[in-house]
Amino acid sequence: MNLYFRLLLLRLRTRTGPRLSLWDEARTPFRVTLTDLDPLRHVNNGKYLSMLDLGRLDLMIRSGFWGSLTDRGWYPVVAAQTITYKRSLTLGQRFELVTRVLGVDERSVYLEQTFVRRGKVIARAVVQGRFLRKTGGTVSPSELLDAVGGAPSDLALPEWVHEWAGAVRISSDAAA
């Protein structure tokens with residue numbers, strides 16, 4: 001239920017908040033609530049993943065990309081993600097989730113999402129996203145870039161992201 005409440009707040013805030021480019025950083029504010037906590041009284045690791053979804057949605061809505069996606073019958077999915085935790089978040093603490101596009105390759109879009117409290121990194125995630133068609137099939141990254149008018153000329157996917165994507169890829173003939 002907490003996720004739906006946060007989604008509602010996000011939608012209300014994005015109507016009046018500053019517009020962004022898809023290539024800007026989105027800073028999404030949060031506060032730790034009771035339903036975020038695990039038995040050790042810090043934010044549950046699964047809650048971080050749910051908040052990552054909201055951070056990506058914030059960037060897509062504020063940049064206008066969300067409307068462009070839905071008009072085309074496309075929707076985003078997470079293909080892979082890795083998150084590293086550095087510090088804990090506890091009840092009542094305010095923090096921001098900073099979301100930015102790292103780059104694009106021939107298969108996917110990659111984002112970095114960082115949880116920050118008082119200027120200190122709490123956790124950082126790298127997310128590999130793909131876009132699917134409601135009618136079936138995958139949207140190519142070149143189609144995505146055409147939909148947003150292209151990428152900045154200086155946007156280059158870091159080599160370590162290529163290596164990470166290759167390391168976490170599951171081949172289509174992998175056994176269960």
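These exercises work through helix faces, cores, backbone angles and salt bridges in one predicted model.

Residues are numbered from 1 along each chain as its sequence is written, and side-chain values use heavy atoms, leaving out hydrogens and water. Because the model is predicted, local features need pLDDT of at least 70 and side-chain atom pairs count only at pLDDT 80 or more, while totals for chains, interfaces and linings use all residues.

**Exercise 1. Helix α5**

Task: Find which residues of α5 are buried, and what covers them.

Solution: 
- Step 1. Helices (H or I, at least four residues) and strands (E, at least two) are DSSP runs, numbered from the N terminus. Buried means under 20% relative accessible area, exposed over 50%, and partly exposed in between (1.4 Å probe, protein chains only).
- Step 2. Helix α5 spans residues 159–168, and its buried residues are Val161, Trp164 and Ala165. They cover an arc of only 100° around the axis, which puts them on the same side of α5. The arc is that of the directions from the helix axis to the C-beta atoms.
- Step 3. Turn to the other side of α5. Glu159, Glu163 and Ala167 are exposed there.
- Step 4. Look for the cover, with contact meaning heavy atoms within 4.5 Å. The cover of the buried residues includes β2 (74–85), β3 (94–104), β4 (109–117) and β5 (120–133).

**Exercise 2. Helix α3**

Task: Repeat the analysis for α3, residues 65–72.

Solution: 
- Step 1. The buried residues of α3 are Phe65, Ser68 and Leu69. Down the axis of α3, they fall within an arc of 100°, so they line one face of the helix.
- Step 2. The general rule: an α-helix has 3.6 residues a turn, so residues three or four places apart point the same way.
- Step 3. Packing partners of the buried residues of α3 are α2, β2, β5 and α4 (141–147).

**Exercise 3. Nonpolar cores and a surface patch**

Task: Identify which residues of the largest nonpolar core touch the most other members.

Solution: 
- Step 1. A nonpolar core is a set of buried Ala, Val, Leu, Ile, Met, Phe, Trp, Tyr and Cys residues joined through side-chain atoms within 4.5 Å.
- Step 2. The largest core has 20 residues, of which Tyr48, Ile83, Leu89, Phe95 and Phe115 touch the most other members. At least two residues each come from α2 (45–62), β3 and β5. The largest share, six residues, is from α2.
- Step 3. Zoom in on Ile83. Leaving out residues up to four places away in sequence, Ile83 touches Tyr48, Leu49, Leu52, Phe115, Ala123, Arg124 and Ala125.
- Step 4. A second, separate core holds 15 residues, including Phe65, Val101, Val109 and Val139.
- Step 5. Now the surface. Phe5, Leu8, Leu9 and Leu12 make a nonpolar patch of about 400 Å². Phe5 is in helix α1, residues 2–16. Patches are made of residues with over 30% relative accessible area and no salt bridge: like charges are joined within 9 Å, nonpolar side chains (Val, Leu, Ile, Met, Phe, Trp, Tyr) within 5 Å. Areas come from the Shrake-Rupley method with a 1.4 Å probe, and for residues only the protein chains shown count as cover.

**Exercise 4. Positive phi**

Task: Locate Arg41 and Arg118, and give the phi of each.

Solution: 
- Step 1. Most residues other than glycine have a negative phi.
- Step 2. Arg41 is not a glycine, yet has a positive phi of about 65°. Arg41 sits in the loop between β1 (26–31) and α2. Its relative accessible area is 61%, so Arg41 is exposed.
- Step 3. Arg118, also not a glycine, has a positive phi of about 50°. Its place is the loop between β4 and β5. Arg118 is exposed, at 74% relative accessibility.

**Exercise 5. Salt bridges**

Task: Describe the pairs made by Asp58, Glu112 and Glu143.

Solution: 
- Step 1. A salt bridge is a side-chain nitrogen of Lys or Arg within 4 Å of a carboxyl oxygen of Asp or Glu. The whole structure has seven.
- Step 2. Asp58 pairs with Arg62 (3.1 Å, N to O). The two are four residues apart in helix α2, so about one helical turn separates them. Both Asp58 and Arg62 are buried. Asp58 has 0% relative accessibility.
- Step 3. Glu112 pairs with Arg100, with the closest N and O atoms 3.0 Å apart. This pair links distant parts of the chain, Glu112 in strand β4 and Arg100 in strand β3, twelve residues apart. Glu112 is buried at 15%, whereas Arg100 is partly exposed at 31%.
- Step 4. Glu143 pairs with Arg133, with the closest N and O atoms 2.7 Å apart. Glu143 lies in helix α4 and Arg133 in strand β5, ten residues apart.
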